[in-house]
Amino acid sequence: MDASERKDAERIAENVASVRERMERAAIASGRDPSSVRLVAVTKTVPAPLVAAAVAAGVTMVGENYIQEAKAKIEALSGLPVSWHFIGHLQTNKARFAARLFDAVHTLDSFRLALELSKRLEAENRDMTVLIEVNTGGEATKSGVAPEAAADLAAAVAALPRLHLSGLMTMPPFCENPEDARPHFACLRRLAEKIAARRIENLRMDELSMGMSHDFEAAIKEGATLIRVGTDIFGSRA
Ligand SMILES: *Cc1c(COP(=O)(O)O)cnc(C)c1O
């Protein structure tokens, strides 16, 4: 590490600490156990040495959006005690790379993709945690299944080997005031409760992946268990 990288590493450690404080405050304010909310550090565009700095500052889960970019970093940082979470849009023809590289995929949005992942995981002799992405805002520009379609997809995914369905993920419409995003977060929570009530085998609805730099406090108040934070840890992306 040169001097400027050392400075970046210090800044990242401070940012991680401050995000953790905000997480804890939001959890306590909503009567939740702070340990029920975990941080996924989002590292798209962030070079490997700075990802390593975040890990040194206590980050244990890392989120990446693009297979190609992630592959190089995962290889460069192999041996670090972190799990790798895919949070971008996953094309079916990239499923084999995801199956090889990642521990979890937050953005499962079709049965076709689930089937392909399951098949590729079988070939790799690996297992994977998956979350179903729900397009709570019904935005044409965003991926994810419609809320009405989530339960059926969940039941179908639960029947596939190698995939462990553990919850739902959403990226709501951008709201200037994060409080305005709360109905979308609440929608995801209620949907998870409804699916869990079906008591399907090999299906848990323990995780709600929701909330980013701008709105994670609001997401925590609505039950987020995994928040995905990039900018507030690494700074704004070019
Ligand atoms: C980039 C990204 C994030 C992190 O966003 P920030 O605003 O930088 O915290 C979270 N989730 C997804 C799906 C993303 O693509």
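**Salt bridges and the ligand site**

Asp-103 and Arg-126 form a salt bridge whose closest N and O atoms are 3.5 Å apart; a salt bridge is taken here as a side-chain nitrogen of Lys or Arg within 4 Å of a carboxyl oxygen of Asp or Glu. This pair links distant parts of the chain, 23 residues apart: Asp-103 lies in the loop between helix H4 (95-101) and strand S4 (104-108), and Arg-126 in the loop between helix H5 (111-124) and strand S5 (128-134). Helices (H or I, at least four residues) and strands (E, at least two) are DSSP runs, numbered from the N terminus. By the salt-bridge rule, the count comes to 22.

The model is predicted, so local features need pLDDT of at least 70 and side-chain atom pairs count only at pLDDT 80 or more, while totals for chains, interfaces and linings use all residues. Residues are numbered from 1 along each chain as its sequence is written, and side-chain values use heavy atoms, with hydrogens and water left out.

Polar side-chain atoms lie 2.7 Å from a ligand oxygen in Lys-44 and 2.8 Å from one in Arg-237, and an N or O atom in the side chain of Ser-213 is 2.5 Å from an oxygen atom of the ligand. The protein covers 91% of the 390 Å² of accessible area that the ligand has on its own (Shrake-Rupley method, 1.4 Å probe).

Ser-213 also meets Arg-22, whose side chain reaches the Ser-213 backbone oxygen at 3.4 Å. Arg-22 is placed in helix H1 (residues 3-29).

Definitions and conventions. A polar contact is a pair of N or O atoms within 3.5 Å; within protein, one must be able to donate a hydrogen and the other to accept it, and residues adjacent in sequence count only if both atoms are side-chain atoms.
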